[in-house]
Amino acid sequence: FLICMGLDTRPEPSRIAHAPQGGPPSSAETTPVSALMTSSVVTATLSTTIESLASTLLTHNISGVPVVDADNKPIGVVSKTDLLRLLADHRDYHNGETLVVSVPKGVLFDLGSGFRVDAIAGFLVGDIMTPMAFSVPQEAPVSRAAALMAYEGMHRLPVVDQSGRLVGLLSSLDVLRWMAREAGYVVPSRTRRQHDAKP
């Protein structure tokens, strides 16, 4: 089928207007994203199964991961929203065996009645991910990354090296923590739930 959409007249992310400011640059303009990003990034590939994705998100207590190719270059993102959308699209399947995923420590999660295992068992991350991945170089200032995330409505932004390979992940929570610390607040690097989750 064909979906017709109106022409997007928004400026390209690289052309987002930057209001000129007087005086010395702010710390957001001088601090690189590499100072905030998470370096040990959990990723998925096009061939990652939906069951494996659900288990990964629950195990690490995260809401989404970058999707990378064989060269570890980001090609998309996949999130809980994508997974829930897939489940919702198959909600008309009658009640029966439900999808149960397991995580370390022997914990099982039943994703709800009405969702048959065979309804989504054949899907892979490549089938449900958002195929466009914005990214920023690791030397980019925090202000540029924050502007891109706000402009595009993104909660996580892949950080790449000069060859385009993934070296980190910047989340909206990372930016908020950094802002709070810059203002003098004591903020832990992880939430309590993240401490309980496997690193």
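Modeller: Thr31 counts as buried because its relative accessibility is 16%, and the limit for buried is under 20%. The model is a predicted one. Thr31 sits in the loop that connects helix 1 (27–30) and helix 2. Its side chain comes to 2.6 Å from the backbone oxygen of Ser27. Neighbours within four places in sequence aside, Thr31 is in contact with Leu36, Ala140, Pro141, Val142 and Trp178.

Trp178 is one of the buried residues of helix 7, together with Asp174, Val175 and Arg177. Viewed down the axis of helix 7, these buried residues fall within an arc of 160 degrees, so they line one face of the helix. Just after helix 7, Gly184 has a positive phi of about 100 degrees. Val142 belongs to helix 6, which spans 142–152.

Next, the core. The largest nonpolar core has 16 residues, and Val33, Val136, Leu157, Val159 and Leu170 have the most contacts inside it. Helix 6, strand 6 (156–160) and helix 7 (172–182) are the elements that give two or more residues to this core. The largest share, 4 residues, comes from helix 6.

Val159 shows how the region is joined. Residues up to four places away in sequence are not counted here: Val159 touches Val33, Met37, Val136, Pro137 and Gln138, among others. Its contacts also include Arg165, Leu166, Val167, Gly168, Leu169 and Leu170.

The sheet in this region is open and consists of 3 strands in the order 5-6-7, with mixed pairing. Strand 5 (136–137) and strand 7 are at the edges with a single partner strand each, so one side of each has no neighbour in the sheet. Strands of a sheet pair through backbone hydrogen bonds, in either the parallel or the antiparallel sense. Strand 5 and strand 6 run parallel and are joined by 2 bridges; Val136 has Val159 of strand 6 as its bridge partner. Strand 6 and strand 7 run antiparallel, with 5 bridges between them, and Leu157 is the bridge partner of Leu170 in strand 7.

Strand 6 and strand 7 form a hairpin with 5 residues between the strands, where Gly164 takes a positive phi near 90 degrees. Although strand 7 is an edge strand, 5 of its 6 residues (strand 7 covers 166–171) are buried. Helix 6 lies across strand 5, strand 6 and strand 7, and runs at about 140 degrees to strand 6.

A second, separate core of 13 residues includes Leu57, Val67, Leu86 and Val125. Asn61 follows helix 2 and has a positive phi, near 55 degrees.

Val67 stands opposite Gly76 in strand 2. Strand 1 (residues 64–68) and strand 2 are antiparallel and pair over 5 bridges. They form a hairpin with 5 residues between them, and in the turn Asn72 has a positive phi of about 65 degrees. In strand 2 (residues 74–79), 5 of the 6 residues are buried, so the strand is largely enclosed by the rest of the structure.

Leu86 is a buried residue of helix 3 (residues 80–89), along with Asp82, Leu83 and Leu87. Down the axis of helix 3, the buried residues fall within an arc of 135 degrees, so they line one face of the helix. An α-helix has 3.6 residues a turn, so residues three or four places apart point the same way. The face of helix 3 turned away from the buried side carries Leu84 and Asp89, which are exposed.

As for the chain as a whole, it contains 8 helices and 7 strands. Of its 199 residues, 31% count as buried. Among contacts with a separation of 6 or more, 56% are between residues 24 or more positions apart.

Methods
Residues are numbered from 1 along each chain as its sequence is written. This is a predicted model: local features need pLDDT of at least 70, side-chain atom pairs count only at pLDDT 80 or more; totals for chains, interfaces and linings use all residues. Side-chain values use heavy atoms; hydrogens and water are left out. Buried means under 20% relative accessible area, exposed over 50%, partly exposed in between (1.4 Å probe, protein chains only). The arc is that of the directions from the helix axis to the C-beta atoms. A nonpolar core is a set of buried Ala, Val, Leu, Ile, Met, Phe, Trp, Tyr and Cys residues joined through side-chain atoms within 4.5 Å. Contact means heavy atoms within 4.5 Å. Two strands pair if DSSP finds at least two bridges between them. Axes are lines fitted to C-alpha atoms, for helices over the stretch in contact, and angles run from 0 to 180 degrees between N-to-C directions. A polar contact is a pair of N or O atoms within 3.5 Å; within protein, one must be able to donate a hydrogen and the other to accept it, and residues adjacent in sequence count only if both atoms are side-chain atoms.
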